[in-house]
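Let us take a walk through this protein together, one region at a time.

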Amino acid sequence: MAKKGDIEMVVVMDTKASEDDIGRVVSEVEAVGGQAFVSPGKLRTVIGLVGDTARFMELPLATLPHVEQVIRVGKPYKLVARELHQDATIVNVAGVPIGEGYFTMIAGPCAIETEEQAIEAARMAQDMGAHILRGDAYKHRTSPYAFQGLGKRGLEILRLMSQETGMPTVTEVLEPADVELVAEYTDVLRVGTRNAQNFPLLRECGRSGKAVMLKRGMAGTIEEWLMAAEYVAREGTSDIILCERGIRTYEPAYRNTLDIAAVPAAKQLTHLPVIVDPSHSGGRKELVAPLARAAVAAGADAVMIDIHPDPRAALCDGPQALTRDDIAELGAELLAIADAVGKKPADHVARG
Ligand code: PEP
Ligand code: MN
């Protein structure tokens, strides 16, 4: 059976197209044995065509009334491509929007270490004006001797952080077998950079019913990142958030090279929200605020920032964690930049 993911060609209707105009395109396509998937947008309807592209090319589609454009989707990803979905996807995270037109702040500890540390970090996030909390119970460490996270106990603390502040949460899931459990405790499942092409994990996350945040692979191209999103989307969800977190380059002066151009570049290619993690790119706390400012100015739909009540005692990524003093003004600064690029704070939307 034809699936949306098989779409090779799209017809974009103009803003004045009526039901009849759309029906006309659909019947032309069906008359040559094709299938048409109609996706109504806020402004424009887009019709995806599945079937024999050569036959579609012979149809007078471009000359039919109120057809604006006929485009061949030459990309290997389809469901997440802009061509198929002109309106940006706004992911609703327990009432908090992430996507075009909004600016969302995510903050919290890299790892959940103790209940006290995690709750204090959650309060710091709330005071800085964050909308969503981060905090990991499962850590993907380069060294097997490093702190691996508290596991299920960490998830329980994550839930307490959310209850304490009323904020939704995002947390990393490391393997397919953990998805069901982690999904019980969080609003967004995060797939880390080291798992960016773990396709069984991506598929399992796509089936979870939760929103999924995809870190870009350590040396992943934008296309590989979008293909990872396509794996998730094929399981039937478009609640996918792309997170640029720096790529590995020859430059050792910081942990990773934040690829700021990836923000506008990815947004041109996909309708999904694109956000930035300035903490895991900078790797040093001095770099986090400037990178966060640059990310917002470049159009990032959210930033995700590591904070810690006592970074010197942190069991993971202490050098990049911001303290209460560091974040005192950062939240307001980022909101001002967001405002300058036409984004309103995510909290302006009623919680659903
Ligand atoms: C993290 O956000 O804690 C993390 C491990 O990030 P990344 O997967 O980008 O290294
Ligand atoms: Mn980390």
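This is a predicted model: local features need pLDDT of at least 70, side-chain atom pairs count only at pLDDT 80 or more; totals for chains, interfaces and linings use all residues.

Let us begin with the open sheet of four strands. Reading across it, you meet the strands in the order β2-β3-β1-β4, and their pairing is antiparallel. The edges are taken by β2 (35–40) and β4 (67–72), and each of these has a single partner strand, so one side of each is left without a neighbour in the sheet. From one strand to the next, the twist averages 20°. If you look at β2 and its partner β3 (residues 45–50), you will find six bridges joining the two antiparallel strands. A handy reference point in this pair is V38, whose bridge partner in β3 is I47. Now bring helix α1 (residues 19–31) into view. This helix packs on the sheet and touches β1 (9–13), β2, β3 and β4, while its direction makes about 160° with that of β2.

Is V67 buried or exposed? Its relative accessible area is 12%, and since buried means under 20%, V67 counts as buried. Its surroundings can be listed too: setting aside neighbours within four places in sequence, V67 is in contact with V11, V12, M13, V25, L61 and A62. Take V11 from that list: V67 and V11 are 56 residues apart along the chain, yet their C-alpha atoms are separated by 7.0 Å.

Most residues other than glycine have a negative phi. H66 has a positive phi of about 60° although it is not a glycine. With a relative accessible area of 32%, H66 is partly exposed.

Next, please turn to β7. How many of its residues are buried? The count is seven of seven, so the strand is mostly covered. Both faces share in this: Y102, T104, I106 and G108 on one side are buried, as are F103, M105 and A107 on the other. The strand has several pairing partners. With β14 (residues 302–306), β7 pairs in the parallel sense over five bridges, and M105 stands opposite V303 there. With β8 (residues 132–134), the pairing is again parallel, over two bridges, and I106 stands opposite I132. Two bridges also join β7 to β15 (residues 344–345), which run parallel; in that pair, Y102 stands opposite K344.

Which residues coordinate the manganese ion (ligand 2)? The donors are C110 through SG, H280 through NE2 and D317 through OD, at 1.9 to 2.3 Å. In sequence, these donor residues are spaced C-x169-H-x36-D. C110 lies in the loop between β7 (102–108) and α3 (115–127), whereas H280 belongs to helix α9 (residues 278–282), so the pair ties together parts that are 170 residues apart in sequence. Both C110 and H280 are buried.

The other ligand to visit is ligand 1. It is surrounded by 13 residues, of which the closest are R134, K139, T193, K215 and R245. One oxygen atom is 2.8 Å from a polar backbone atom of T193. An oxygen atom of ligand 1 is also 3.0 Å from an N or O atom in the side chain of R194. For the side chain of D136, the corresponding separation from an oxygen atom of the ligand is 3.4 Å.

T89 is placed in the loop between β4 and β5 (91–93), and at 7% relative accessibility it counts as buried. A polar contact of 2.7 Å joins the side chains of T89 and H271. Not counting residues up to four places away in sequence, T89 touches I98, G99, S238, H271, L272 and P273. A94, in turn, is found in the loop between β5 and β6 (96–98). Here phi is near 45°, a positive value in a residue other than glycine, and A94 is partly exposed, with a relative accessible area of 38%.

Definitions and conventions: Residues are numbered from 1 along each chain as its sequence is written. Chains are lettered from A and ligands numbered from 1 in the order in which they are written. Side-chain values use heavy atoms; hydrogens and water are left out. Donors are N, O and S atoms within 2.8 Å of the metal (3.2 Å for Na, K and Ca); water is not among the atoms, so sites may look incomplete. Buried means under 20% relative accessible area, exposed over 50%, partly exposed in between (1.4 Å probe, protein chains only). Two strands pair if DSSP finds at least two bridges between them. Axes are lines fitted to C-alpha atoms, for helices over the stretch in contact, and angles run from 0 to 180 degrees between N-to-C directions. Contact means heavy atoms within 4.5 Å. A residue is near a molecule or strand if one of its heavy atoms lies within 4 Å of it. A polar contact is a pair of N or O atoms within 3.5 Å; within protein, one must be able to donate a hydrogen and the other to accept it, and residues adjacent in sequence count only if both atoms are side-chain atoms.
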